[in-house]
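Please look over the sequence and the model below before reading on.

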Amino acid sequence: MACPEFEDLILDYCEGAASPADGALLESHIAACAGCRQYLALQRELDLRLAKSLARPALSPDFARELTARMAERRRTPRLRWLPRILDSTGYLSLAAAAACLIRQLPHAGDWVAMAALAGSAAFGLWETGKALRANYGHR
Amino acid sequence: MDGVSGIQAFERLLDEYRDKVFRLACSLLGNEAAAEDATQETFLKIWKSLPGFRGESSVSTWIYAIARNTCLTRRRMAAAQRTISLDAADAAAIPSHDPPAGSAADLRAAIGRLPAKYARVLVLFYLEDRSYQQVALALDLPMGTVKTYLHRAKKELAVLLAAPATQKEDAIPWPALNSKI
């Protein structure tokens with residue numbers, strides 16, 4: 001069991017981040033403290049195992065060729081891909097507005113029914129518009 | 001920026017940053033194949049946005065931000081749609097190129113049990129040759145936070161690896177690290 005006040009210093013020391021003064025302090029401490037000596041050995045072993053196990057991965061040899069192909073594909077893609085989604089949004093809004101107008105024309109509908117329908121339709125339209133916009137522009 | 005100088009600028013960025021972006025993607029996605037695909041997508045976005053880059057932040061900050069957003073979007077999509085099989089992720093798990101054996105498997109299982117933010121910093125620290133600065137830059141964290149997370153990760157790892165064998169046997173396998181990171 002290492003002395004709590006030396007644990008971070010031991011980790012700094014293993015990572016080569018301890019200052020010369022702190023390094024000297026730790027060395028004099030571990031000469032007299034078996035717990036910290038053991039913890040230092042454990043962390044050094046762990047550091048070696050991590051370095052060995054977490055080897056640097058390499059990109060595949062095809063990376064550049066595939067990227068070039070994807071760039072060429074993007075160049076061919078029409079620029080107005082967002083247009084259908086904008087039209088979708090417009091369509092939802094129009095639908096909501098039309099529904100509101102229709103309800104408003106019913107002969108026996110009271111004003112409160114028409115107002116509620118209008119508010120509901122507008123909310124629906126805004127909701128759908130928001131969804132369409134998020135789908136188009138979200139997470140970029 | 002004209003066409004030729006734009007292409008040259010992009011090629012310079014690609015040469016300088018593709019491996020760094022790939023390692024960041026590995027630490028965030030936990031899977032080499034997914035990380036490579038995210039790296040490609042990141043550079044497609046860079047290529048598309050480069051003419052509009054005004055230098056309001058440093059190039060490296062800008063590139064790492066695009067890479068992080070790309071990886072995080074992929075993780076969210078994978079989580080929402082469940083299109084990525086954890087078994088498939090296991091087959092192509094990161095860092096090591098050899099099948100884990102014995103203590104290496106224990107080590108990975110122990111990393112998988114760490115809180116994701118600690119595991120992410122720990123993995124990237126070793127992928128980046130023990131550079132606090134590189135990890136801080138790539139993950140957009142203060143250097144002190146990187147060091148704190150790294151130390152907490154190592155302290156917890158030491159405890160987990162010292163646990164009795166019976167507890168190690170049901171340790172979470174490497175793909176769990178993928179899903180947490």
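## Basis and overall make-up

Helices (H or I, at least four residues) and strands (E, at least two) are DSSP runs, numbered from the N terminus. On that basis the elements of chain A run α-α-α-α-α-α from the N terminus on, and its secondary structure comes to six helices and zero strands.

This is a predicted model, in which local features need pLDDT of at least 70 and side-chain atom pairs count only at pLDDT 80 or more, while totals for chains, interfaces and linings use all residues. Residues are numbered from 1 along each chain as its sequence is written, and chains are lettered from A and ligands numbered from 1 in the order in which they are written.

Of the 140 residues in chain A, 15% are buried, a residue being buried if 20 or more other C-beta atoms, placed from the backbone, lie within 10 Å of its own. Two residues are in contact if their C-beta atoms, placed from the backbone, lie within 7 Å; among the contacts in chain A between residues at least 6 apart in sequence, 58% join residues at least 24 apart.

## Packing of α1 and α3 in chain A

Helix α1 (residues 4-14) and helix α3 (residues 34-53) of chain A pack with their axes 10 Å apart, at an angle of about 40°; axes are lines fitted to C-alpha atoms, for helices over the stretch in contact, and angles run from 0 to 180 degrees between N-to-C directions.

On the side of α1(A), the contact is made by A:Phe6, A:Ile10, A:Leu11 and A:Cys14, and α3(A) contributes residues including A:Tyr39, A:Leu40 and A:Asp47. By class, the residues of this contact of α1(A) with α3(A) are seven nonpolar, one polar and two charged, where Ala, Val, Leu, Ile, Met, Phe, Trp, Tyr, Cys and Pro count as nonpolar, Asp, Glu, Lys and Arg as charged, and the others, Gly among them, as polar.

## Contact between chains A and B

The contact takes 24 residues from chain A and 30 residues from chain B. On the side of chain A that touches chain B, α3(A) gives the most, with seven residues, and that side has twelve nonpolar, four polar and eight charged residues.

The axes of α3(A) and helix α8 (residues 143-161) of chain B come within 11 Å and cross at roughly 100°. That makes α3(A) roughly perpendicular to α8(B), the term for angles of 65 to 115 degrees. This contact is made by A:Leu42, A:Gln43 and A:Leu46 of α3(A) and by B:Lys154, B:Leu157 and B:Ala158 of α8(B).

Methods: Angles under 35 degrees count as roughly parallel, over 145 as roughly antiparallel, 65 to 115 as roughly perpendicular and the rest as oblique. A residue is buried if 20 or more other C-beta atoms lie within 10 Å of its own, exposed if 12 or fewer, and partly exposed in between; C-beta atoms are placed from the backbone.
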